[in-house]
Amino acid sequence: GDHMTEELQRRGLLAWAGLAALAGAGDAAADDKPKHKPPERVPLDAPLGKMLDGKAVRLSDFEGMPVVVFFWASWCPVCRTELPEMERLQILARKERVRVVGVNGEERDVFRKLHRALADKMQMLHTYDPDDASQKAFVAPNSVPYTVVVRADGTVAHTVSGWGEGQLEIIIDHLNQALAAAKAAPAASASGS
């Protein structure tokens with residue numbers, strides 16, 4: 001009877017794999033492009049875009065705390081839906097514990113207007129990515145929005161392509177775990193990792 005069980009398991013796995021493939025085909029072009037694979041960790045000095053004055057922002061500026069990086073563009077309706085959620089996240093998680101950085105992928109002129117509209121009213125940090133350095137460092141796909149939760153040690157806890165119902169709660173779960181981990185290891189640099 002063992003052979004039969006094996007056969008069923010194999011069939012079950014295949015069926016499950018088929019379902020998994022369907023679940024992954026969220027956008028029409030999913031078939032002809034390789035599945036985006038986020039990195040397991042990013043360099044601790046990974047660029048997070050630039051400020052309007054040209055100052056570069058890096059992950060290491062927020063040493064010892066989890067950072068949520070949100071790649072977006074103003075022409076993207078889903079991004080505009082997610083932006084207030086990211087701001088809500090920054091308000092919920094105080095700046096000294098978690099930093100939320102919105103990295104805009106548009107030209108400086110567009111970003112200047114956006115910055116004027118957003119930066120004074122928002123607690124999250126707004127940068128833009130003129131040379132795509134941040135996008136490359138985080139291996140971001142070419143589509144926005146794309147959100148990355150980075151733990152204090154630079155490992156990637158969670159990524160979200162697009163945006164849907166319940167994503168904020170999932171991100172908050174990952175952040176809480178990351179905060180607990182950061183608390184447990186206050187001297188990350190001393191561990192020699």
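Q: Buried means under 20% relative accessible area. What relative accessibility does Ala-73 have?
A: This is a predicted model, and its values are computed from the atoms. The reading is simple: compare the percentage with the cut-off. Ala-73 has 3% relative accessibility, under 20%, so it counts as buried.

Q: Where is Ala-73 placed?
A: Ala-73 sits in the loop that links β3 to α2. Beyond its neighbours within four places in sequence, Ala-73 is in contact with Cys-79, Asn-104, Glu-106 and Val-144. The C-alpha atoms of Ala-73 and Pro-145 are separated by 7.5 Å, although the two residues are 72 residues apart along the chain.

Q: What kind of peptide bond joins Val-144 and Pro-145?
A: Read omega. Here omega is about -5 degrees, and the bond is cis. Pro-145 belongs to the loop between α4 (133-137) and β6.

Q: Let me step back to the whole chain. How many helices and strands does the secondary structure come to?
A: There are 5 helices and 7 strands. In sequence order the pattern is α-β-β-β-α-β-α-β-α-β-β-α. Of the 193 residues, 36% count as buried. Contacts give another view. Take those with a separation of 6 or more: residues 24 or more positions apart account for 66% of them.

Q: How far apart are the end C-alpha atoms of helix α2, and what span should its residues give?
A: Helix α2 covers residues 77-92, which is 16 residues. At 1.5 Å a residue, these should span 22 Å. The end C-alpha atoms are 24 Å apart, which agrees.

Q: Which residues of α2 are buried?
A: Cys-79, Glu-82, Leu-83, Met-86, Glu-87, Leu-89 and Gln-90 are the buried residues of α2. They pack against β3 (67-72), β4 (99-104), α3 (108-118), β5 (125-128), β6 (146-150) and α5 (167-184).

Q: Is Glu-82 buried or exposed?
A: Glu-82 has 0% relative accessibility, so it is buried. The residue lies in helix α2. Leaving out neighbours within four places in sequence, Glu-82 is in contact with Phe-70, Pro-145, Thr-147, Gly-162 and Trp-163. C-alpha to C-alpha, Glu-82 and Gly-164 are 8.8 Å apart in space, against 82 residues in sequence.

Q: Which residues is Val-68 in contact with?
A: Set aside neighbours within four places in sequence. Val-68 is then in contact with Met-86, Leu-89, Val-98, Arg-99, Val-100, Val-101, Thr-147, Val-148, Val-149 and Leu-175.

Q: At what angle do α2 and α5 pack?
A: Read a helix pair by angle, axis distance and hand. For α2 and α5 the angle is about 35 degrees, and the axes are 11 Å apart. The crossing is right-handed. On the α2 side, Glu-85, Met-86, Arg-88, Leu-89 and Leu-92 take part; they meet Leu-168, Ile-171, Ile-172 and Leu-175 in α5. Sorted by class, this contact has 7 nonpolar, no polar and 2 charged residues.

Q: What relative accessible area does Leu-125 have?
A: The relative accessible area of Leu-125 is 15%, so this residue is buried. Leu-125 is part of strand β5. Not counting residues up to four places away in sequence, Leu-125 touches Met-51, Val-57, Phe-62, Arg-99, Val-100, Val-101 and Gly-102.

Definitions and conventions:
Residues are numbered from 1 along each chain as its sequence is written. This is a predicted model: local features need pLDDT of at least 70, side-chain atom pairs count only at pLDDT 80 or more; totals for chains, interfaces and linings use all residues. Side-chain values use heavy atoms; hydrogens and water are left out. Helices (H or I, at least four residues) and strands (E, at least two) are DSSP runs, numbered from the N terminus. The expected span of a helix is 1.5 Å times one less than its number of residues. Buried means under 20% relative accessible area, exposed over 50%, partly exposed in between (1.4 Å probe, protein chains only). Contact means heavy atoms within 4.5 Å. Axes are lines fitted to C-alpha atoms, for helices over the stretch in contact, and angles run from 0 to 180 degrees between N-to-C directions. A crossing is left-handed if the near helix is turned anticlockwise from the far one by less than a right angle, and right-handed if clockwise. Ala, Val, Leu, Ile, Met, Phe, Trp, Tyr, Cys and Pro count as nonpolar, Asp, Glu, Lys and Arg as charged, and the others, Gly among them, as polar.
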